[in-house]
Amino acid sequence: MTQLQAPADAIFQNRLSRLKALTPQQLKGMRRGIEKESLRAQPSGALALTPHPKALGSALTHPSITTDFSESQVELVTSAHASPEAALEELTQLHQFTYRALQENGDEMLWVSSMPCGLPTDETIPIARFGSSNVGRAKSVYRMGLSHRYGRRMQTISGIHYNWSLPGVSSEQYFALIRNFRRQAFLLLYLFGASPAVCSSFVAGRQHELQKLTDTTMYMPHGTSLRMGRLGYQSDAQASLAVSYNSLEGYAASLQDALSRPYPAYEAVGIRNPGGDYNQLATTLLQIENEFYGTIRPKRVIRQGERPLHALRERGVEYIEVRLMDLDPFEPVGINAQTMRFIDVFLLHCLLSDSPPDTPAEINELKHNQHQTAARGREPGAMLKRQGGEVPLVEWGGEVLAQCAPIAAALDAAHGGTQYREALAAAAAGLADADTLPSARVLAAMTQGFDGSFVQFARAQSLKTRTALQSLPLTDTQLAHFTALTLQSLEAQKKIEAADSLPFEEYRLHYVSAECLDVPVREAMHG
């Protein structure tokens with residue numbers, strides 16, 4: 001054995017021993033849930049400007065159907081499930097119920113692409129509304145702040161968030177997972193990115209590196225996910241944030257700094273406009289925690305009125321949220337079970353591998369790799385940065401997949417069958433042939449059937465998906481369940497509005513105050 005082999009073998013043995021330490025019960029205790037954003041679109045492929053359908057209940061209080069940035073952007077949220085199929089079943093039923101409401105709303109459909117449909121002028125894109133309560137108003141004011149800071153077009157980009165947990169994992173271990181995820185996230189962008197093109201209206205008046213495909217469509221020939229590249233959730237302000245994931249304490253401290261540091265450009269916008277309407281919740285670099293755009297987040301279910309940062313500090317990480325998955329326009333609900341199984345394997349790999357602390361130099365490399373993969377990931381010979389050098393993307397991806405093999409085998413042994421190994425084999429096939437990837441398939445479908453028009457392709461795919469989902473049976477029991485949730489959510493919103501007593505300005509000042517972010521030392525020690 002050479003000296004070069006020895007460290008690699010030791011690393012492999014470490015990973016294997018950690019895998020063997022996981023019991024089948026722990027592996028079966030893995031849970032995943034999905035949050036899926038979709039724009040409501042008109043049959044023409046233009047953004048629907050109608051209010052969130054009342055038949056879908058209250059966006060403020062409904063546990064499974066809400067809105068994201070825009071009133072036109074539906075977000076469907078499943079609970080945590082023991083299998084990918086169970087999560088997909090709930091997500092499919094949520095789509096079916098949503099389509100019933102959209103039928104009553106006219107002829108609208110859910111847009112199947114992450115990159116938006118035809119958009120009106122920026123100020124015409126409607127910001128989500130959550131009623132007259134203080135918490136509802138705060139949600140809308142926060143979104144108004146996003147529109148001032150980043151523009152409304154950027155906020156209409158939609159995606160899938162994958163919420164994942166494993167029993168017995170500590171906050172420290174979750175942060176180790178997060179560091180490794182960030183190091184190797186390029187592989188998910190490469191394999192599952194599905195947004196290589198965009199309507200020209202999205203980039204009108206903006207600087208970009210895109211190439212012109214037709215008069216109405218811009219693209220990157222070897223792009224995978226424009227959503228996760230320089231066009232997506234990027235900002236000069238957030239570029240100045242060097243958030244470290246080396247510990248919960250360090251992460252919380254860097255977020256608290258961003259939540260309390262005044263930012264001159266946002267101070268110029270001000271809290272209110274001359275007419276007295278609110279422009280934003282705060283003039284700090286971040287208004288609230290959710291404004292921080294990461295590919296992955298540590299999460300904890302919050303209590304009523306609690307700040308997410310306080311919940312994390314007091315009770316630790318409960319699960320992680322993977323935020324870089326594009327909607328797959330070829331899948332009825334944007335994702336399939338095989339993709340979910342690969343994410344499960346990948347996340348376990350990130351958890352079980354050695355995870356050295358991140359450094360500013362490495363964080364810069366990771367940012368480069370994300371942009372490189374998003375814009376040019378399928379380019380033959382594409383290179384990524386690693387530890388000061390360069391490595392071919394396909395070679396590095398192959399190393400990761402090889403390391404995942406024992407994990408897929410262990411999950412198959414725990415659950416029975418071969419589906420996890422099949423998911424890994426499908427990923428290897430995608431790595432070997434870039435033409436089979438969703439991003440390549442989108443471009444091929446656009447150019448072969450729609451004269452290179454992104455909007456026409458996505459419109460046709462959205463109509464086809466709507467027909468497929470509407471043709472599925474929804475039982476009377478399922479319909480009654482969702483109808484009851486709708487009515488309960490409307491009642492819950494009324495109760496919240498009736499119980500409000502504080503003037504909104506007092507509520508806002510308290511919510512953005514430093515004491516809402518802190519955990520007293522005594523609590524932190526026992527948390």
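This is a predicted model: local features need pLDDT of at least 70, side-chain atom pairs count only at pLDDT 80 or more; totals for chains, interfaces and linings use all residues.
Residues are numbered from 1 along each chain as its sequence is written, and side-chain values use heavy atoms, with hydrogens and water left out.

The secondary structure of the protein chain consists of 21 helices and 12 strands. Here helices (H or I, at least four residues) and strands (E, at least two) are DSSP runs, numbered from the N terminus. The radius of gyration of the protein chain is 23 Å, close to the 24 Å that the globule rule gives for 527 residues, so the chain is as compact as a globular protein of that length. That radius is taken over C-alpha atoms, and the globule rule is 2.2 Å times the number of residues to the power 0.38. Along the principal axes, the C-alpha atoms fill a box of roughly 75 × 65 × 50 Å.

Of the 527 residues, 56% count as buried. Buried means under 20% relative accessible area, exposed over 50%, and partly exposed in between, with a 1.4 Å probe and protein chains only. The protein chain exposes about 21,800 Å², and carbon and sulfur atoms supply 54% of this area. Accessible areas come from the Shrake-Rupley method with a 1.4 Å probe; for residues, only the protein chains shown count as cover. Contact means heavy atoms within 4.5 Å. Among contacts between residues at least 6 apart in sequence, 75% join residues at least 24 apart.

Next come the strands. Three of them form an open sheet in the order β6-β8-β7, with antiparallel pairing. β6 (197-199) and β7 (211-212) stand at the edges with a single partner strand each, so one side of each is left without a neighbour in the sheet. Two strands pair if DSSP finds at least two bridges between them. β7 and β8 (residues 217-219) are joined in the antiparallel sense over two bridges, and Lys212 stands opposite Met218 in β8. Strands of a sheet pair through backbone hydrogen bonds, either parallel or antiparallel.

Another antiparallel pairing, over four bridges, joins β9 to β10 (residues 319-325). Within this pairing, Pro298 has Ile320 in β10 as its bridge partner. Strand β9 (residues 296-299) is covered on both faces: Ile296 and Pro298 on one side, and Arg297 and Lys299 on the other, are all buried.

Rings of Phe, Tyr and Trp (its six-membered ring) pair if their centres lie within 6.5 Å; planes under 30 degrees apart count as stacked, over 60 as edge-to-face and the rest as tilted. By this rule there are 15 aromatic pairs. The rings of Tyr245 and Tyr251 have centres 5.4 Å apart and planes at 35°, so this pair is tilted. Tyr245 and Tyr251 are both buried. Elsewhere, ring pairs link Phe181, Phe192, Phe342 and Phe346 into a cluster.

Rings also have charged groups over them. A charge sits over a ring if NZ of Lys or CZ of Arg is within 6 Å of the ring centre and within 35 degrees of the ring normal. Arg386 lies over the face of Trp396, 4.8 Å from the ring centre, and the charged end of Arg441 sits over the ring of Phe330 at 4.1 Å from its centre.

Phe330 is also one of the residues touched by Val442; the others are Ala194, Pro196, Pro329 and Phe457, not counting residues up to four places away in sequence. Val442 is placed in helix α17 and is buried, with a relative accessible area of 2%. Although Val442 and Phe457 are 15 residues apart along the chain, their C-alpha atoms are separated by 8.3 Å.

His95, in helix α3 (residues 84-104), is buried as well, at a relative accessible area of 1%. With residues up to four places away in sequence left out, His95 touches Lys36, Leu76, Leu110, Val333 and Leu469.

Two loop residues remain. Most residues other than glycine have a negative phi. Gln387, in the loop between β11 (383-386) and β12 (389-392), has a positive phi of about 50° although it is not a glycine. Gln387 counts as exposed, at 76% relative accessibility. Asp451, in the loop between α17 (438-449) and α18 (454-470), has a positive phi near 50° and is exposed, with a relative accessible area of 71%.
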